[in-house]
Amino acid sequence: MIPRIIIVAIAIAAVLLFLFFKKGNITPDDEIQKLIADGALIVDVRTPEEFKTSNYNGAINIPLADIEKNLHMFGIKNRKIIVYCRSGNRSGKAKKILESHGFINVINGGGLNDMPK
């Protein structure tokens, strides 16, 4: 039988890992909708071809590969910015790039299908 202390330690580690990976990835529709209603910039970081096929209403397209060349398009460093892509992977990378350039309110909205309807 596994000692109780080990079970408790594993449970605490699991919660901490969940909180670590969850940080900055807001997914509840109502919270993202509030950010959008408050004027957040919505950025689709997929390719222009993907953006033309489908996109979130009101989003601008700045492909992941072009983020650093277009930092001026994001505005002031404390502006609320929601980035999304197809699955959340590229938007996670975009979030890290923007934060490395001093942007402090960047939210990974995940994939296009994760964005509020």
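Lysine 69 is exposed, with 60% relative accessibility. In this predicted model, lysine 69 forms a salt bridge with aspartate 66, and the closest N and O atoms are 3.0 Å apart. Aspartate 66 is partly exposed, because its relative accessible area is 23%.

The count of salt bridges comes to five. Among them are the pairs in this table.

| Salt bridge | Closest N and O atoms |
|---|---|
| Lysine 69 and aspartate 66 | 3.0 Å |
| Aspartate 38 and lysine 34 | 2.8 Å |
| Lysine 95 and glutamate 99 | 2.5 Å |

Lysine 95 and glutamate 99 both lie in helix H4, which covers residues 89-100. They are four residues apart there, so about one helical turn separates them. The closest N and O atoms of this salt bridge are 2.5 Å apart. Lysine 95 has a relative accessible area of 11% and is therefore buried, the cut-off for buried being under 20%. Glutamate 99 counts as partly exposed, at 35% relative accessibility.

The surface also has a nonpolar patch, formed by Ile5, Ile6 and Ile10. Together these residues have about 320 Å² of accessible area. Isoleucine 5 is located in helix H1, residues 4-22. Isoleucine 5 counts as exposed because its relative accessibility is 65%, and exposed means over 50%.

Technical notes. Residues numbered from 1 in each chain as written. Predicted model: local features only at pLDDT ≥ 70, side-chain atom pairs only at ≥ 80, totals over all residues. Heavy atoms only, no water. Patch = residues over 30% accessible without salt bridge, like charges linked within 9 Å, V, L, I, M, F, W, Y side chains within 5 Å. Areas by Shrake-Rupley, 256 points an atom, 1.4 Å probe, with all protein chains shown as cover. Salt bridge = Lys/Arg side-chain N within 4 Å of Asp/Glu carboxyl O. Helix = DSSP H or I, 4+ residues; strand = E, 2+ residues; numbered from the N terminus. Buried < 20%, exposed > 50% of the residue type's maximum accessible area, 1.4 Å probe, protein only.
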